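Dear colleague,

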Amino acid sequence: MIIQTGMRTDIPAFYPDWLMNRIQEGYVLVRNPYNPVQVTKYSLSKEVVDLIAFCTKNPEPMLIHMDTLKQYGQYWFVTITPYGKEIEPNVPDKKIVMDSFRRLSDIVGIDSIGWRYDPIMVDATHTVEWHISEFEKMAATLSGYTRTCVISFIDIYKKVERNFPEAMEVSHNDKITIGKAFIEIASRYGMTIKPCAEGNELATYGADCSGCMTVDTFEKALHNRLEIPKGKVNQRNGACVCVLGVDIGAYDTCGHLCKYCYANADKALVRANMKKHNPESPFLIGESMPGDVIHEAIQKSWIDRQLRFDYFY
C-alpha cells in the first residue's frame with residue numbers, strides 16, 4: 001500500500017529525523033484530524049508498504065537518508081514556484097531547491113519525481129507574463145530531471161481567505177493563456193503538463209488531464225502493476241482521480257508558513273505545534289494522551305505479483 005507524507009505538512013523539510021526513527025521502529029501513530037482521540041497505527045514494514053509518496057518544498061534535509069529509503073518504492077513531488085518571501089516566508093532560495101531536485105532525481109530516477117508549479121495566482125506583481133517567463137527559466141533548469149510538471153490555480157479555501165485576504169481567483173482567460181504557454185514550454189524541455197483538479201479543458205492544448213498521483217504514476221515509479229483496493233481511488237466530482245494513500249502527517253505543522261496554504265489555520269498554532277514535536281515520539285506532534293483509542297490498520301501490499309509479459313516501459 002501507499003504511505004503519503006505530504007498532504008498535511010512537509011515532513012522532508014521539517015521532520016526527517018522523526019520519519020527515520022519511525023522507519024527504524026517499524027510503525028507510526030496518526031491522529032484523526034477531526035477526532036484526535038482516534039489513533040491509527042500503521043506498519044512501515046517494507047512487506048506491506050509498497051511506496052512512500054512525498055510532497056515537499058525542500059527535499060534537501062532528506063537527502064542524507066536516501067539509503068534508508070531505498071528499501072521502499074518512492075514518488076516525490078517537489079513544489080518550486082518563483083514567489084518571494086512575502087508569499088513563501090520560510091521556503092529556501094529556489095536555486096538551492098532546484099539543485100536539490102536534480103540531486104534527488106539522480107538518486108530515485110526520473111520516473112519517481114515530478115515538479116509542482118502551484119498554486120498559480122495572478123495579481124499586479126505576479127502577472128500572466130511574469131509566470132510564463134519564470135516558468136521557462138525553471139523548466140530549463142529542471143529539464144532532463146523530470147518528465148512531469150503539475151500545475152493548479154489557487155483555490156480560495158476558508159483558511160486561505162483568512163490568512164491571505166488579498167488573494168483572488170484566476171480568471172478563465174488567464175488560466176487558458178497560462179496553461180497553453182506552459183504546455184508549449186514544457187514540451188520543449190521534455191515535460192508534460194498535468195493540471196491538478198482543473199478539469200479537462202487544457203487537454204485540447206496538449207495537457208495530460210488524467211491526474212497527478214494516479215495509479216499509472218505509481219506503477220511507473222515501481223515498475224510493477226498495482227492491484228488498488230476498491231475505494232482507494234479518489235472520485236471528487238470527477239475532478240481528481242488520485243490514489244488515496246494514508247497520510248501520516250498532521251495539519252497546522254508546516255513551518256514554511258506560505259500565505260496560500262490550505263493546511264495551516266494560523267501561524268501561532270503552527271509554532272505551538274512545532275514546539276510539541278519530539279523526534280522520538282510515535283506521533284508527529286506530541287505524545288499519547290489519556291483516552292486515546294488506538295486502532296491497528298489492516299495493511300497488505302498492493303503489488304500484483306502475477307508474472308506478466310505485456311508490461312514494459
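Helix 4 (residues 94-108) and helix 5 (residues 128-142) have axes that come within 10 Å and cross at roughly 35 degrees. The axes are lines fitted to C-alpha atoms over the stretch in contact, with angles from 0 to 180 degrees between N-to-C directions; helices are DSSP runs (H or I, at least four residues) numbered from the N terminus. The contact (heavy atoms within 4.5 Å) is made by Lys-94, Met-98, Phe-101 and Arg-102 of helix 4 and by Met-138, Thr-141 and Leu-142 of helix 5.

The model is predicted, with pLDDT of at least 70 needed for local features and 80 or more for side-chain atom pairs, while totals for chains, interfaces and linings use all residues. Residues are numbered from 1 along each chain as its sequence is written, and side-chain values use heavy atoms, without hydrogens and water.

Phe-182 is found in helix 7 (residues 172-188). This residue is buried, its relative accessible area being 0% (buried means under 20%, with a 1.4 Å probe and protein chains only). Beyond its neighbours within four places in sequence, Phe-182 is in contact with Tyr-117, Ile-120, His-131, Ile-132, Phe-135, Ile-151 and Ile-193. The C-alpha atoms of Phe-182 and Ile-193 are separated by 7.3 Å, the two residues being 11 apart along the chain.

Yours sincerely

Conventions: Helices (H or I, at least four residues) and strands (E, at least two) are DSSP runs, numbered from the N terminus. Buried means under 20% relative accessible area, exposed over 50%, partly exposed in between (1.4 Å probe, protein chains only).
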